Amino acid sequence: MQHQSSMTSTTLSQLWTMAYEETEQILLTPHSSSCLMSTLEDFCLVMRPNYIGKKNFLTSSENLMAQAREMYPNQPYHVMTESGERIVLPPEFTKEISAEPNLHFRPAFDEVDWHEVALAPFAADLIVRVASRTFIGEELCRNEEWIKVVESYYKYWFFGSQKLTYYPRALRMLVQWFLPECKGIRAQMKEARRLLTSLLAKRREMKQAVMAASGTIPKLDDTMEWFEDEAKARGVVCDVDLAVNFHISMITAARLTMPDLLKQFMIVLAQQPESVQLIREEVANQLRAEGMSASSFNKIQLLDRALKETLRTKLRDVVTLRRHAARDVQLSNGLILKKSYARYRLLLKKGIRIFVDTCGMRDPTVYENPNEWDPARSLKLRSNPDWKHAAQLARPCRNHLGFGYGQHACPGVFFAANAIKVILCHLLVKYEWKLAPGTDTDPKSLGAFLVSSPMAKILIRRRENVEVDFDSV
């Protein structure tokens, strides 16, 4: 029995090693644009055994896709991502994919002396507080318990969802009961429910007191009131569980995407000191003239365009326009995405899943010197018809996929743009910063994401002469 066990172990180990070595090189076959994508020979392929492929994509997605682009210029190809197999389409399919209905989407710094700050937790904390202030009000956005709950929930959710992809889909409902991250999610939701229950009880008591005194039911002008009204209009019971799920989901969405842009922008400004004063002066002048308002933000053009350029030069997503085929779809070049297809005589897929490559955001035919950061670039491009109405940060176009494109573009784009501008107005006017000596500013691959350096540090201090009195704006 011992000999048999040893032989079995050795055989499995050898087979795994052979499979790894055999697929260490990217496999490719010629691609015919008129073919049905139903067999291995019908498409260009970049894949490895499931676990190895997912792990490699998680840590080296940018390099893997750069290699694929070189081998398959302007062609679709397959890739094993951390979430499973996907087809990556070149950027020229952006408009077509976005419009195709059968492709479905689913601490204050008051020190006057320089002091070191790690950018990742700093940016995350700011975004969580601003999002909480927007969605659930002033009380919880300053409650350290709530901030800790949201941040813990986000980390458990992010890493737990990655771990679940290593298990077959049929087992995930069972596995989630045992994964530490999934247990952590449930524990944080329990804490969030406790904190939000207390807040909702205070709101009800306040409304009852006002109604008893005035005879009228008060209407609060905030997101929680809007959420309750929308739920009632749809015949949905707005209980604590529904409120917790909604608000945690909204804040988590902000936490997922917005800190990365804020971090990268602060890194870029530290590297481009000549641009900082120009942007700071524009912000201060506009705030003094019109205060902090939507109208004022529309006129702070340098900040807006600099943010858009930062998003272009370091996009968080290596791929975008994630879709799956609800039915057979034929693209303009004759390529057909099948709802079901067989590969290697294995399991029939329910629907092909696709990405669109974001490399078009560095296309030299669209962007002159595409690898350079030019904060005035979008202003210069306004003569281009595609950019006539797309120069602003919150206006997606097919050559700038920072917030997606088409009917499934990010629905929170205006919130994200304005929230980041609010934060940066305070930071630019009140503080100055520079990179800490020797800090790592290189972005890192994390699956389909290219995240701003998680190790970046800055030196920051409060400015002595602040041009704007924020209490009056």
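This is a predicted model: local features need pLDDT of at least 70, side-chain atom pairs count only at pLDDT 80 or more; totals for chains, interfaces and linings use all residues.
Two strands count as paired here if DSSP finds at least two bridges between them.

**Around strand 13**

Strand 13 (residues 457–462) runs antiparallel to strand 10 (residues 431–435), and the two share five bridges. Within that pairing, Lys-434 has Leu-459 of strand 13 as its bridge partner. Strand 5 (residues 115–118) also pairs with strand 13 in the antiparallel sense, this time over four bridges. In that case Ala-118 stands opposite Lys-457.

Lys-434 turns up again if you look at its side chain. Its charged end sits over the ring of Trp-114, 4.5 Å from the ring centre.

**The protein as a whole**

Stepping back, the protein has 15 helices and 13 strands. It is 473 residues long, and 48% of them count as buried. The accessible surface comes to about 24700 Å², with 55% of that belonging to carbon and sulfur atoms.

**Rings meeting rings**

How many aromatic pairs does a search of the whole structure find? The count is eight. One of them joins Phe-135 and Phe-415, whose ring centres are 5.3 Å apart with 45 degrees between the planes, a tilted pair. Phe-135 belongs to helix 4 and Phe-415 to helix 15 (residues 413–430), so this pair ties together parts of the chain that are 280 residues apart in sequence.

Trp-157 is partly exposed, with a relative accessible area of 29%, while Phe-158 is buried at 7%. Both rings are part of one aromatic cluster, made up of Tyr-154, Trp-157, Phe-158, Phe-159 and Phe-449.

**Helix 9 and what covers it**

Helix 9 spans residues 223–233, and its buried residues are Thr-223, Met-224, Glu-225, Phe-227, Glu-228 and Ala-231. An α-helix has 3.6 residues a turn, so residues three or four places apart point the same way. The cover over the buried residues of helix 9 includes helix 4 (119–136), helix 8 (180–214) and helix 10 (240–271).

Glu-228 is worth a click. This helix 9 residue is buried, with a relative accessible area of 17%. Leaving aside residues up to four places away in sequence, Glu-228 touches Leu-200, Lys-207 and Cys-238. Just past the end of helix 9, Gly-235 takes a positive phi of about 70 degrees.

**Cysteines**

How many disulfides are there? The count comes to zero, where a disulfide would need a pair of cysteine sulfur atoms within 2.5 Å. Cys-141 is buried at 7% relative accessible area, and Cys-182 is buried too, at 8%.

**A few single residues to look up**

Which residues have a positive phi without being glycine? Leu-321 is one of them, with phi near 50 degrees, and Asn-369 is another, at about 50 degrees. Leu-321 sits in strand 6 (residues 319–325) and is buried at 4% relative accessibility. Asn-369 is in the loop between strand 9 (353–357) and helix 14 (377–380), where it is partly exposed at 43%.

Ala-68, in helix 2 (residues 50–71), has a relative accessibility of 0% and counts as buried. Its C-alpha atom is 9.0 Å from that of Val-79, which is 11 residues away along the chain.

Here are some of these residues in one place.

| Residue | Relative accessible area | Class |
|---|---|---|
| Ala-68 | 0% | buried |
| Leu-321 | 4% | buried |
| Cys-141 | 7% | buried |
| Cys-182 | 8% | buried |
| Glu-228 | 17% | buried |
| Asn-369 | 43% | partly exposed |

How values were computed:
Residues are numbered from 1 along each chain as its sequence is written. Side-chain values use heavy atoms; hydrogens and water are left out. Buried means under 20% relative accessible area, exposed over 50%, partly exposed in between (1.4 Å probe, protein chains only). Contact means heavy atoms within 4.5 Å. Rings of Phe, Tyr and Trp (its six-membered ring) pair if their centres lie within 6.5 Å; planes under 30 degrees apart count as stacked, over 60 as edge-to-face and the rest as tilted. A charge sits over a ring if NZ of Lys or CZ of Arg is within 6 Å of the ring centre and within 35 degrees of the ring normal. Accessible areas come from the Shrake-Rupley method with a 1.4 Å probe; for residues, only the protein chains shown count as cover.
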